[in-house]
Amino acid sequence: MSFVESEERIALRKAVAEFGTKYGHDYFIAKSRAGEKTTELWEEAGKLGYLGVAVPEEYGGGGGGIGDLAAVCEELAAAGCPLLLMVVSPAICATVIARFGTEEQKSKWLPGFADGTLKMAFAITEPDAGSNSHKLKTHVRRDGDDWILKGTKTYISGVDEVDAVLVVAIQATGPVLVVVPTSSEGFTHHQIEMDLVAPEKQFTLFFDDVRLPSDAVVGSPDQGLLQVFAGLNPERIMGASMATGSARLAMAKAVSYAQQRQVWDSPIGAHQGLSHPLAKIHIEIELARLMTQKAAALYDSGRDKESGEAANMAKYAAGEAIAAAVDQAIQTHGGNGLSSEFGLASMLGMSRLSRIAPVSREMVLNFVAQNSLKLPRSY
């Protein structure tokens, strides 16, 4: 494994960074506060091939890996446009279908993922299950050639702007992943009011005996557990990338202000009370980025077990880094840090969310204690 990215990856980052600045943080926040979607950004990114970099070439994608998609996600976040649906649609859903779907399912769904014309949400969380996936109650059963889906999911992102939802359900032999078009009869959703400043909304989903065709279940019904884990590792890698990109944006704002703001005889960045915390956080961001790249490299090489460990560590490190970066950036700005003009206070919610989702830091620590350190299970 190289600690230096390929020339192609570096060129991709540069191109996406330049593209992201066309829109930027002001555009993203304005859309979020107006209750609008970043449709123009998504569509253009799709046309340029950025959303489909990890889709196999035979289905119209770039043929790259999750590391390439993570680089796109990070650079857009660093430009002020952290697209949450990138973590879900091309990373989780497209990856699962590309890896486990039938040829018919791949031909049906992957070209839309490749050019961004298709969006798909991912639904695993339930009101009474939380982080305990063994308590999932949403179930699916056979009825002739069809499937019948019944249950509830909650805190599912972007359902109002997607074409379908990839639902984790339980059947007699274990979990399966089911593609549910949002137009399906018996499928309803209700928005959860949030104080997050983001264009993507959160929803509770209700499946009331939703009838689905025989090909709604992805691939083989007995591979559901493998499919879930195949989707969760990219989710953590992408979540870490979005967090480190946003952390870079917060740090850029803080450093720029510290260089220009002068209260006594020198810029405030000359004082160690500010320079040392910023230097420390910069180190932490770079360490999180390196672990994220390691997790992606392991996943792309098919080493799922090692990737799971690295992906959890990357997500933990990135969550801590962005929380510290936004907090210190606000502190560096003083009162200006809470003003709309400087665009930092609007980042607080998302920075805090990175320590909770897609998996809490406490569950990451449980995972590391049990699997990396071989300590007794605590839950």
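Modeller: Helices here are DSSP runs of H or I with at least four residues, and strands are runs of E with at least two, both numbered from the N terminus. By that numbering, E126 sits in the loop between strand 1 and strand 2 (139–143). Please keep in mind that this is a predicted model.

Colleague: Thanks! Why is E126 called buried?

Modeller: Its relative accessible area is 5%. Buried means under 20%, so E126 counts as buried.

Colleague: Which residues does E126 touch, leaving out those up to four places away in sequence?

Modeller: E126 touches K135, L136, K137, T138, T152, K153 and T154. Each of these has a heavy atom within 4.5 Å of E126.

Colleague: What makes E126 and K153 a polar contact?

Modeller: Their side chains are joined at 2.9 Å. The cut-off for such a pair of N or O atoms is 3.5 Å, with one atom able to donate a hydrogen and the other to accept it, so this pair qualifies.

Colleague: How far is E126 from K253, in sequence and in space?

Modeller: The two are 127 residues apart in sequence, and their C-alpha atoms are 38 Å apart.

Colleague: Let's turn to K119. Where is K119, and is K119 buried or exposed?

Modeller: K119 lies in the loop between helix 6 (103–115) and strand 1 (120–123). Its relative accessible area is 11%. The limit for buried is under 20%, so K119 is buried.

Colleague: Which residues is K119 in contact with, beyond its neighbours within four places in sequence?

Modeller: K119 is in contact with W42, L85, S89, E161, V162, D163 and A164. With E161, a polar contact of 3.1 Å joins the side chains, and that value is within the 3.5 Å cut-off.

Colleague: On to the rings. How many aromatic pairs does a search of the whole structure find?

Modeller: Five.

Colleague: What makes the pair of F187 and F207 stacked?

Modeller: Their ring centres are 4.9 Å apart, with planes at 20°. Rings pair when their centres lie within 6.5 Å, and planes under 30 degrees apart count as stacked. Both conditions hold, so F187 and F207 are a stacked pair. F187 belongs to strand 6 (residues 187–192) and F207 to strand 7 (residues 202–212), so the pair ties together parts 20 residues apart in sequence. F187 and F207 are both buried.

Colleague: Why is the pair of Y257 and F342 called edge-to-face?

Modeller: The ring centres of Y257 and F342 are 5.6 Å apart and the planes are at 90°. That angle is over 60, so the pair is edge-to-face. This pair links distant parts of the chain, 85 residues apart: Y257 is in helix 7 (residues 224–260), while F342 is in the loop between helix 9 (304–333) and helix 10 (348–353).

Colleague: How do you know that Y257 is buried but F342 is partly exposed?

Modeller: Y257 has a relative accessible area of 12%, and F342 has 22%. Under 20% is buried, over 50% is exposed, and partly exposed lies in between. So Y257 is buried, and F342 is partly exposed.

Colleague: Which residues form one aromatic cluster?

Modeller: F19, Y23, Y27 and Y50 do.

Colleague: And the spaces inside? How many cavities of 30 Å³ or more are found?

Modeller: A search of the whole structure finds four. The largest cavity holds about 130 Å³ of space. It is lined by 17 residues, and H25, P82, S246, M347 and M350 lie nearest its centre. Helix 2 (24–33), helix 7, helix 9 and helix 10 each give two or more residues to that lining.

Colleague: What classes of residue make up the lining of the largest cavity?

Modeller: Twelve are nonpolar, five are polar and none is charged. The second largest cavity, of about 80 Å³, has 13 lining residues, with R13, A70, S241, T292 and Q293 closest to its centre. Its lining divides into four nonpolar, five polar and four charged.

Colleague: Last one: which helix gives the most to the lining of the second largest pocket?

Modeller: Helix 5 does, with five residues. The volume of this pocket is about 250 Å³, and A54, T95, A98, Y299 and D300 are the closest to its centre of the 13 lining residues.

Definitions and conventions:
Residues are numbered from 1 along each chain as its sequence is written. This is a predicted model: local features need pLDDT of at least 70, side-chain atom pairs count only at pLDDT 80 or more; totals for chains, interfaces and linings use all residues. Side-chain values use heavy atoms; hydrogens and water are left out. On a 1 Å grid over the protein atoms alone, a cavity is a set of points where a 1.4 Å probe fits but cannot get out, and a pocket is an open set with protein on both sides within 12 Å along at least five of seven lines; lining residues have an atom within 4 Å of a point. Grid points are joined across faces, edges and corners, and a volume is the space filled by probe spheres set on the points. Buried means under 20% relative accessible area, exposed over 50%, partly exposed in between (1.4 Å probe, protein chains only). Rings of Phe, Tyr and Trp (its six-membered ring) pair if their centres lie within 6.5 Å; planes under 30 degrees apart count as stacked, over 60 as edge-to-face and the rest as tilted. Ala, Val, Leu, Ile, Met, Phe, Trp, Tyr, Cys and Pro count as nonpolar, Asp, Glu, Lys and Arg as charged, and the others, Gly among them, as polar.
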